[in-house]
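I set down here what I looked up in this structure, entry by entry.

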Amino acid sequence: LKPLLEDPQIKKVGQNIKYDLIVLRNEGVDLQGIAFDTMLASYLLTPSGRRHNMDDLARDYLGHTTIKYKDVVGAASKAIGFDEVDVERATEYAAEDADITWRLFEKLSPLLQGNDLKLFQEMELPLLDVLAEMEIHGMKLDRGHLQNLSKLIHQKILEHQKEIYSIAGEQFNINSPKQLSVILFEKLGLPVIKKTKSGFSTDVSVLEQLAQEHELPDVILAYRHLGKLKSTYVDSLQEDIYRKTGRVHTSFNQTVAATGRLSSSNPNLQNIPIRTEMGREIRKAFIAEENNYLLSADYSQVELRVLAHLSEDEALMDAFHMGEDIHTRTACEIFGTTPDRLDAEARRMAKAVNFGIVYGLSAFGLSRQLKIFPKDAKKFIDQYFALYRKVKVYMEETVAQAKEVGYTLTIMNRKRYLPDLKSQNRQVRESAERVAINSPVQGSAADLIKLAMIQLAEKIRQKNLKSRMILQVHDELVFECPEDEEQEMRALVKREMEEVVPLKVPLVVDMG
């Protein structure tokens with residue numbers, strides 16, 4: 001089968017064919033001629049509101065109930081390997097997979113038309129190859145650093161535990177919401193913020209509010225944070241290192257986020273915390289091979305630049321053309337001051353307003369985020385719209401148009417259908433309106449970096465460079481580069497990312 005699978009003239013159709021491509025590559029077969037992926041087609045046709053696995057697609061499009069994998073191999077402790085399955089049963093399962101994929105192709109391919117077909121052919125299908133290369137190459141991890149970090153965090157957890165017992169005046173199971181509830185609300189007499197079916201809530205939002213009244217909730221939050229870092233990242237990442245390569249091989253998912261953003265799983269490398277000191281220590285575990293560098297390229301404030309492009313607001317566009325810090329400019333206007341007299345807190349609040357607007361944040365939502373009164377938050381938002389008048393017009397027009405046609409569009413004409421815009425429920429409708437405001441912005445940013453990834457992969461291949469793109473974290477790309485290619489890669493990456501699509505404001509890439 002190898003010559004047939006490697007012949008680019010013989011076109012291949014698959015369901016999640018990236019998986020097959022990787023499996024075959026690992027066995028020395030270079031799959032060529034990928035022409036269609038039913039999972040990607042389904043995603044472009046209905047980006048939200050459905051799952052795109054074969055079982056669901058077979059049921060929805062073909063009215064067929066497929067044989068489930070667990071029906072063939074069994075479940076839990078009774079499960080066997082696929083190599084142990086009776087040949088006739090295995091054949092029936094595998095043949096159905098191929099048959100259903102082909103029938104889905106016949107059903108879905110005529111439905112992909114116009115901009116959907118263009119996105120499929122020029123973005124999502126070429127990206128599939130790029131992502132497969134990234135997954136196969138993987139990212140090197142320093143196991144020793146993670147092991148030392150695990151010990152350090154464990155020690156800090158024990159210190160927090162000791163402090164919690166001291167403040168509470170007794171020992172109890174800190175991880176038990178019920179026992180914690182007794183300490184907080186009965187022993188210490190703190191106010192009940194939220195009730196649950198089983199008692200009083202002790203979730204993060206509750207503890208954050210209670211921390212303003214007593215020192216214990218704050219220490220518990222720190223204890224929980226460290227526990228999550230240790231289990232979710234420091235310890236878990238060590239288990240994810242593949243022994244044959246010494247690297248972690250995440251899966252990049254094209255069909256999860258309705259906005260067009262990629263997600264990452266097994267492990268999720270897009271969610272490594274970097275805002276805390278301990279989070280930054282975790283990130284230090286990601287390293288390059290000997291005599292190589294890790295090169296990162298991050299789009300600067302890309303969503304706000306996309307907002308400036310879409311809204312054509314002169315003040316916002318002018319700020320980007322002048323190379324100003326947009327958060328500083330907004331803060332100066334809102335607080336009526338100059339950059340040299342601006343403090344960090346005022347800039348932080350302006351930043352929250354800038355990004356909050358992109359996400360359709362309400363005055364109430366902003367007030368909770370900044371811990372200020374709703375009337376003050378409303379005043380900030382009103383001042384923002386007085387400064388950037390066309391942004392408000394753009395937002396109103398975007399919602400109105402989405403209500404009329406039923407979907408929003410990115411700059412690359414990616415659709416997101418929003419039936420809830422016509423909901424009779426006010427909360428549901430307003431939530432859909434916020435999504436309508438954000439989707440063209442976030443989705444356009446996702447389109448830009450996807451196109452940049454495709455172009456960069458092609459340029460690296462054409463130039464026969466040894467450098468490899470190994471990670472995408474939303475607005476950031478990470479490359480592993482030999483020392484003698486670093487300068488060439490810096491110039492190449494910056495140029496390709498900044499010139500990917502001409503916007504009405506400049507795209508700026510920060511290199512690290």
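**Entry 1. Aromatic pairs**

I took rings of Phe, Tyr and Trp (its six-membered ring) as a pair if their centres lie within 6.5 Å, with planes under 30 degrees apart called stacked, over 60 edge-to-face and the rest tilted. The model is predicted, so I note that local features need pLDDT of at least 70, that side-chain atom pairs count only at pLDDT 80 or more, and that totals for chains, interfaces and linings use all residues. Residues are numbered from 1 along each chain as its sequence is written, and side-chain values use heavy atoms, with hydrogens and water left out.

My search of the whole structure returned 12 aromatic pairs. Helices (H or I, at least four residues) and strands (E, at least two) are DSSP runs, numbered from the N terminus.

For burial I used relative accessible area: buried is under 20%, exposed over 50%, and partly exposed in between (1.4 Å probe, protein chains only). F36 is buried at 6%, and F120 is buried at 2%. I also found that F36, W102, F105 and F120 form one aromatic cluster.

How many of the residues of α13 are buried? I recorded nine of its 10, among them E303, R305 and H309. Just after α13, E312 has a positive phi of about 55°.

For α15 (residues 326-335), eight of the 10 residues are buried, so this helix is largely enclosed by the rest of the structure. H327, R329 and C332 are among the buried residues of α15. Contact means heavy atoms within 4.5 Å; what covers the buried residues of α15 includes α13 (302-311), α14 (314-321), α16 (344-358) and α18 (374-387). At the start of α15, I noted a side-chain oxygen of D325 within 2.9 Å of the backbone nitrogen of H327. G336, which follows α15, has a positive phi near 60°.

**Entry 2. Pockets and cavities**

I searched a 1 Å grid over the protein atoms alone: a cavity is a set of points where a 1.4 Å probe fits but cannot get out, a pocket is an open set with protein on both sides within 12 Å along at least five of seven lines, and lining residues have an atom within 4 Å of a point. Grid points are joined across faces, edges and corners, and a volume is the space filled by probe spheres set on the points.

The largest pocket has a volume of about 2,000 Å³. Of its 43 lining residues, I272, P273, I274, R275 and K351 are the closest to its centre.

The second largest pocket holds about 1,200 Å³. I counted 33 lining residues there, with Q15, Y19, D20, M54 and D97 nearest the centre. Helix α6 gives the most to this lining, with seven residues.

Which helix gives the most to the lining of the largest cavity? I identified α20 (residues 426-462), with four residues. E303 also lines this cavity.

Technical notes:
Polar contact = N/O pair within 3.5 Å; in protein donor to acceptor, adjacent residues only side chain to side chain.
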